[in-house]
Amino acid sequence: MLVPDFLTILIPVFICWIIIRLILSISRKRVDFHLEMKYSLFLFSLTFIYSYTIAPFPFFMEQYTFIDLEYEMKSYNLIPFNSIFGSLQHFYFMVPLRNIGGNILLFVPLGLSLAFLRPTLSWKKIVLLGLITSLMVEITQWFIPFRSLDIDDLILNTLGTFFGYVAFNIIKWITAKWVKRKDTAY
């Protein structure tokens, strides 16, 4: 199968990223590894989203010669919860797991990385950024054959961004408790 997988997209992006960040760090004569980690996590989340939403369209078109590309390019769902309920009623348990769980999990790293990158951002702004990112993905998918625009994906992706924000705060709370416990032990 010629469909690019996550690593074939991630590796070149990160090699370019590391080279650019090294050049910038050398020019500043200082490297802030904490900041570099934050930027890298953000880049990882965007690459993750891209590789599973925009990039996986089929390159093996000979298998789909019977499908009208114009029709496929225009598939959409604008009725909220329509595809979610359809997935939940599917006889095979992997369909809702992949469609619902996958769309949520896809955007968790974005919410986590945004909260990590800018801890002062409110949850509303982080969720709004997740909504805007998901909207851009959905609009882009409208123009890609074999991809579809779905309002439910927008809802689930935005929910995933919120879960990423919540995960960041849980990690922050656990870390603060652990550091506090460690400091009181001495």
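Predicted model: local features only at pLDDT ≥ 70, side-chain atom pairs only at ≥ 80, totals over all residues.
# Notebook: pocket, helices and rings

**The pocket.** I started with the largest pocket, and H5 gives the largest share of its lining, seven residues. Which elements give two or more residues to the lining? I noted down H2, helix H4 (82-88), helix H5 (94-117), helix H6 (123-142) and helix H7 (151-185). Sorted by class, the lining of the largest pocket has 10 polar, eight nonpolar and six charged residues. As a reminder of the idea behind such a search, rolling a probe the size of a water molecule over the atoms shows where empty space is left.

**Asn103.** Buried or exposed? Asn103 counts as buried, because its relative accessibility is 14% and the cut-off for buried is under 20%.

**The overall layout.** I stepped back and counted seven helices and two strands in the protein. Going along the sequence, I read the pattern as α-α-α-β-α-α-α-β-α. The protein has 186 residues, and 36% of them count as buried.

**Helix H2.** Next I went to H2, which covers residues 33-53. H2 has 21 residues, and from first C-alpha to last it reaches 30 Å, close to the 30 Å expected at 1.5 Å a residue. Which residues of H2 are buried? My list reads Glu36, Lys38, Ser40, Leu43, Ser45, Thr47, Phe48, Ile49, Ser51 and Thr53.

**Rings.** I searched the whole structure for aromatic pairs and got eight. The pair I looked at is Phe48 with Tyr52: the ring centres are 5.3 Å apart and the planes sit at 65°, so I call the pair edge-to-face. The cut-off behind that call is planes over 60 degrees apart. Why are Phe48 and Tyr52 about one helical turn apart? They are four residues apart in helix H2, so about one turn separates them. The general rule is that an α-helix has 3.6 residues a turn, so residues three or four places apart point the same way. Phe48 is on my buried list for H2, whereas Tyr52 is partly exposed, with a relative accessible area of 44%.

**Lys38.** Still in helix H2, I looked up Lys38. Lys38 is a charged residue, but Lys38 is buried, with a relative accessible area of 14%. What does Lys38 lie over? Lys38 lies over the face of Phe116, at 5.7 Å from the ring centre. I checked Arg118 too: Lys38 and Arg118 are 80 residues apart in sequence, but their C-alpha atoms are 9.0 Å apart in space.

**Helix H6.** H6 has 20 residues and spans 28 Å from its first C-alpha to its last, close to the 28 Å expected at 1.5 Å a residue. The buried residues of H6 are Ile126, Val127, Gly130, Thr133, Ser134, Val137, Glu138, Gln141 and Trp142.

**Two loop residues.** Where does Pro119 lie? I found Pro119 in the loop between H5 and H6. Pro119 is partly exposed, at a relative accessible area of 45%. Between Pro119 and Phe168 I noted 49 residues in sequence and 9.1 Å in space, C-alpha to C-alpha.

My last stop was Phe81, in the loop between strand E1 (76-77) and H4. Phe81 has a positive phi of about 70°, although Phe81 is not a glycine. With a relative accessible area of 40%, Phe81 is partly exposed.

Conventions:
Residues numbered from 1 in each chain as written. Heavy atoms only, no water. Phe/Tyr/Trp six-rings, centres within 6.5 Å; stacked < 30°, edge-to-face > 60°. Buried < 20%, exposed > 50% of the residue type's maximum accessible area, 1.4 Å probe, protein only. Lys NZ or Arg CZ within 6 Å of the ring centre and 35° of its normal. Expected span 1.5 Å × (residues − 1).
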